[in-house]
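Subject: Structure handover

Hello,

Here is the structure for you to look through. My notes on what turned up in it follow below.

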Amino acid sequence: MSMTDASGGESTTSPDARLSERPDWIYLLREFEALFRHGSAGGSKAIRTHRKAVRDRLSAVIAADGGFVEQTPITKPVTAHFNRALDVGERGAMQGMARALRQVRDRLTWEYGYEKVPPALARKYAYCEILGPRGPILADRLILGFVLFAPNTTYPQHSHKSIEESYISISGAWSENNAAVYAPGSLILNRPGDEHRITTGELEPCLLAYAWVGTPEALTAPGMKLTAPKRKRAGA
Ligand SMILES: [Fe+2]
């Protein structure tokens, strides 16, 4: 989700280790694999296709014993809510994922992904990637990660060009586009270009796992931009 490492679509990152040398991270990948293999598509062909794309790409990384790049752990203001999010997650439907994430909690690199982050959002949001072109687990056609929101957050409207995105709640409740309330275990699919806006519950933080499927070029330079409000776009 960063724009700082646009290396022309090819990963120039050289691994520090093989994945098999980092069992805690394989543990986390196994949880993602189980989620995308055994969860329901709710009868949606588009979601079934997305789930298969994620698990096929993930299985290929595990089978190839892909590279692992050591990264500097970084926190953001919102990570003050991480303990609560993990504790609540471990009591719910997504307890396996919450437990696996706890094993690597001090090794995560939390980021914003935007050159200019609205100040209100900078205190209430951050994400970390666990697999993708920049690592820590190297992959070029899939990004897996987590996004953490403080209670009572609005993540402004945005869309992703050439990237298919799914969110699965690990802890906390959230709503997308005012359409419904989603609980731990629920999956939302945003296809390329789909505009979406997220709000989170008033009292508890919300931790979502996400998967991005795309070409190496799209995933290396996703160019994240928030959608300008309509009144500002008029005449643009
Ligand atoms: Fe998104």
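A crossing of two helices is called left-handed if the near helix is turned anticlockwise from the far one by less than a right angle, and right-handed if it is turned clockwise. You will need that for the helix pair below. Please keep in mind that this is a predicted model.

The overall picture

The protein has seven helices and 13 strands. Its chain has 236 residues, and 36% of them count as buried. Take the contacts with a separation of 6 or more: 77% of these are between residues 24 or more positions apart.

The helix pair

Start with α1 (residues 23–38) and α2 (residues 45–63). Their axes are 9 Å apart, and the helices pack at an angle of about 150 degrees. Angles over 145 degrees count as roughly antiparallel, so α1 is roughly antiparallel to α2. The crossing of α1 with α2 is left-handed. On the α1 side, the contact is made by L29, F32, E33, F36 and R37. On the α2 side, R51, V54, R55, L58, S59 and I62 take part. By type, the residues of this contact are six nonpolar, one polar and four charged.

Next, look at V104. It is found in the loop between α4 (95–103) and β3 (110–111). Which residues does V104 touch, leaving aside those up to four places away in sequence? They are D24, W25 and L28. V104 and D24 are 80 residues apart along the chain, yet their C-alpha atoms are separated by 6.8 Å. V104 has 17 C-beta neighbours inside 10 Å, so it counts as partly exposed.

Now move to β13 (residues 206–213). Seven of its eight residues are buried, so the strand is largely enclosed by the rest of the structure.

- β6 (residues 142–149) runs antiparallel to β13, and eight bridges join them. Within this pair, I143 stands opposite W212 of β13.
- β8 (residues 164–171) also pairs with β13 in the antiparallel sense, over seven bridges. Here S171 has L207 of β13 as its bridge partner.

Most residues other than glycine have a negative phi, and most peptide bonds are trans.

- The peptide bond between G135 and P136 is cis, with omega at about 0 degrees. P136 sits in the loop between β4 (125–132) and β5 (137–138).
- N177 is not a glycine, but its phi is positive, at about 55 degrees. Its place is in the loop between β9 (174–176) and β10 (181–182).
- N178 is not a glycine either, and it has a positive phi of about 55 degrees. N178 lies in the loop between β9 and β10.

The cut-off for exposed is 12 or fewer.

Best wishes

Technical notes. Residues numbered from 1 in each chain as written. Predicted model: local features only at pLDDT ≥ 70, side-chain atom pairs only at ≥ 80, totals over all residues. Buried ≥ 20, exposed ≤ 12 C-beta atoms within 10 Å, placed from the backbone. Helix = DSSP H or I, 4+ residues; strand = E, 2+ residues; numbered from the N terminus. Pairing = 2+ DSSP bridges. Axes fitted to C-alpha atoms, helices over the stretch in contact; angles between N-to-C directions. Parallel < 35°, antiparallel > 145°, perpendicular 65-115°, else oblique. Contact = placed C-beta atoms within 7 Å. Nonpolar A, V, L, I, M, F, W, Y, C, P; charged D, E, K, R; others polar.
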